[in-house]
Amino acid sequence: TDEWGIRVERVEIKDIKLPLQMQRSMAAEAEAVREARAKIIASEGEQAASRALKMAAEVINQSPAALQLRYLQTLNIISTEKNSTILFPIPVDILQPLLPTPE
């Protein structure tokens, strides 16, 4: 087209008839790309969650009372979601002053 003094910037093709096998191949490739992106997004989410858990563990490690508060909060959430009996262990150290002393 340069010989005629025409410069082509863009060519647009419409209404293409592709063989069925080619359509299936292109669809399979597009699906594989979507699945790969989904896996990447899921792995990034897992990394963010693990970082958040690590930070939470560090906070709880610094304050033992935080662990007890989290435990009570979890029990509160469970009790509001389901009407059920909840058994939770109590350390013997806490009950020691309440137990009778042997003579």
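## Confidence in the model

Helix α3 (residues 92-95) has the lowest mean pLDDT among the elements of the chain, at 74, while α1 has the highest, at 94. Here pLDDT is the predictor's confidence in each residue, from 0 to 100, and helices are DSSP runs (H or I, at least four residues) numbered from the N terminus. The chain as a whole averages a pLDDT of 85, with 94% of the residues scoring at least 70.

This is a predicted model, so local features need pLDDT of at least 70 and side-chain atom pairs count only at pLDDT 80 or more, whereas totals for chains, interfaces and linings use all residues. Residues are numbered from 1 along each chain as its sequence is written, and side-chain values use heavy atoms, leaving out hydrogens and water.

## Overall layout

What you get is three helices and zero strands (strands being DSSP E runs of at least two residues). From the N terminus on, the order is α-α-α. The chain is more spread out than a compact globule, because its radius of gyration is 32 Å, well over the 13 Å that the globule rule gives for 103 residues. That radius is taken over C-alpha atoms, and the rule is 2.2 Å times the number of residues to the power 0.38. Along the principal axes, the C-alpha atoms fill a box of roughly 115 × 30 × 20 Å.

## What shows on the surface

The chain exposes about 10300 Å², and carbon and sulfur atoms supply 59% of that. Areas come from the Shrake-Rupley method with a 1.4 Å probe; for residues, only the protein chains shown count as cover.

There's also a nonpolar surface patch of about 970 Å², made by W4, I6, V8, V11, I13, I16, L18, M22 and M26. Patch members have over 30% relative accessible area and no salt bridge; nonpolar side chains (Val, Leu, Ile, Met, Phe, Trp, Tyr) are joined within 5 Å, like charges within 9 Å. One of the patch residues, M26, is found in helix α1 (residues 20-62) and counts as partly exposed because its relative accessibility is 44%.

## Salt bridges

Side chains of opposite charge can pair when their charged atoms come close. Two salt bridges turn up here, counting a side-chain nitrogen of Lys or Arg within 4 Å of a carboxyl oxygen of Asp or Glu.

R7 meets E9 at 3.1 Å, N to O, and both R7 and E9 are exposed. K14 pairs with E12, with their closest N and O atoms 3.8 Å apart; K14 and E12 are exposed too.

Definitions and conventions. Buried means under 20% relative accessible area, exposed over 50%, partly exposed in between (1.4 Å probe, protein chains only).
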